[in-house]
Amino acid sequence: MGSTKRITIMAMLVAIGTISSHLIWLPAGVAKAFPIQHSINVIAGILLGPGPAVIVAFAIGLLRNLLGVGSLLAFPGGMIGAFFAGYLYSRYQKTWTAALGEIFGTGVIGALLSVPVARLLLQTSAAALAFVPPFLVSSITGAAIGLAVVAALRKTASARL
């Protein structure tokens, strides 16, 4: 895939992620669960690989925070999930591994890393169990959506996955 096409896909995913954050999110304590971010992580991981997927997740998190519709917890959750989605897909070439990477990366590791972020930057004393369940629910839902979108893209004549 050419660099211009890669950048175009990245820009479209950032735009979709940023715009949809105004529409679809769930309250999760001090965090905002954002299933569309998880679906974008799976899509970006499959289409672009781990590095660009992390950049997309960072850009969406940054824009959401600048627009006041995100929290600082978007960074550890989104970026780690994107990395694992891209890494596992590149390693095994199976779409379900990207979904598994997103769920494990965000739902477990991202949730656990959110605890010190919440304590240091958000001045909350939330325990790990405060983040793991909502992060898991959101990442499972989003990963399923991401898999459905990738399956639909594969059926079109213009998609070259």
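The following exercises, each with a worked solution, concern a predicted model of a protein chain.

**Exercise 1.** Describe how helix 1 and helix 3 pack, and determine which residues make the contact.

*Solution.* 
Step 1. Two packed helices are described by the angle between their axes and the distance between the axes.
Step 2. For helix 1 (residues 3-20) and helix 3, the angle is about 35° and the axes lie 9 Å apart.
Step 3. The crossing of helix 1 with helix 3 is right-handed.
Step 4. Helix 1 contributes R6, M10, L13, V14, G17 and T18 to the contact, while helix 3 contributes P52, I55, V56, A59, I60 and L63.

**Exercise 2.** Carry out the analysis for helix 2 and helix 4.

*Solution.* 
Step 1. Helix 2 (residues 35-48) and helix 4 pack with an angle of about 40°, and their axes are 8 Å apart.
Step 2. Helix 2 and helix 4 cross in a right-handed manner.
Step 3. From helix 2, the residues N41, V42, G45 and I46 meet G78, G81, A82, A85, G86 and Y89 of helix 4.
Step 4. This contact divides into five nonpolar residues, five polar residues and no charged ones.

**Exercise 3.** Locate M1 and identify the residues that it touches.

*Solution.* 
Step 1. M1 belongs to the segment before helix 1.
Step 2. Leaving aside residues up to four places away in sequence, M1 touches R6, I9, L47 and L48.
Step 3. M1 and L47 are 46 residues apart along the chain, and their C-alpha atoms are separated by 9.4 Å.

**Exercise 4.** Which residues form a nonpolar patch on the surface?

*Solution.* 
Step 1. The patch consists of F58, L62, L63, L66 and L67, which together have about 460 Å² of accessible area.
Step 2. Of these residues, L67 is placed in the loop between helix 3 (50-66) and helix 4 (74-92).

Notes:
Residues numbered from 1 in each chain as written. Predicted model: local features only at pLDDT ≥ 70, side-chain atom pairs only at ≥ 80, totals over all residues. Heavy atoms only, no water. Patch = residues over 30% accessible without salt bridge, like charges linked within 9 Å, V, L, I, M, F, W, Y side chains within 5 Å. Areas by Shrake-Rupley, 256 points an atom, 1.4 Å probe, with all protein chains shown as cover. Salt bridge = Lys/Arg side-chain N within 4 Å of Asp/Glu carboxyl O. Helix = DSSP H or I, 4+ residues; strand = E, 2+ residues; numbered from the N terminus. Axes fitted to C-alpha atoms, helices over the stretch in contact; angles between N-to-C directions. Left-handed = near helix turned anticlockwise from the far one by under 90°. Contact = heavy atoms within 4.5 Å. Nonpolar A, V, L, I, M, F, W, Y, C, P; charged D, E, K, R; others polar.
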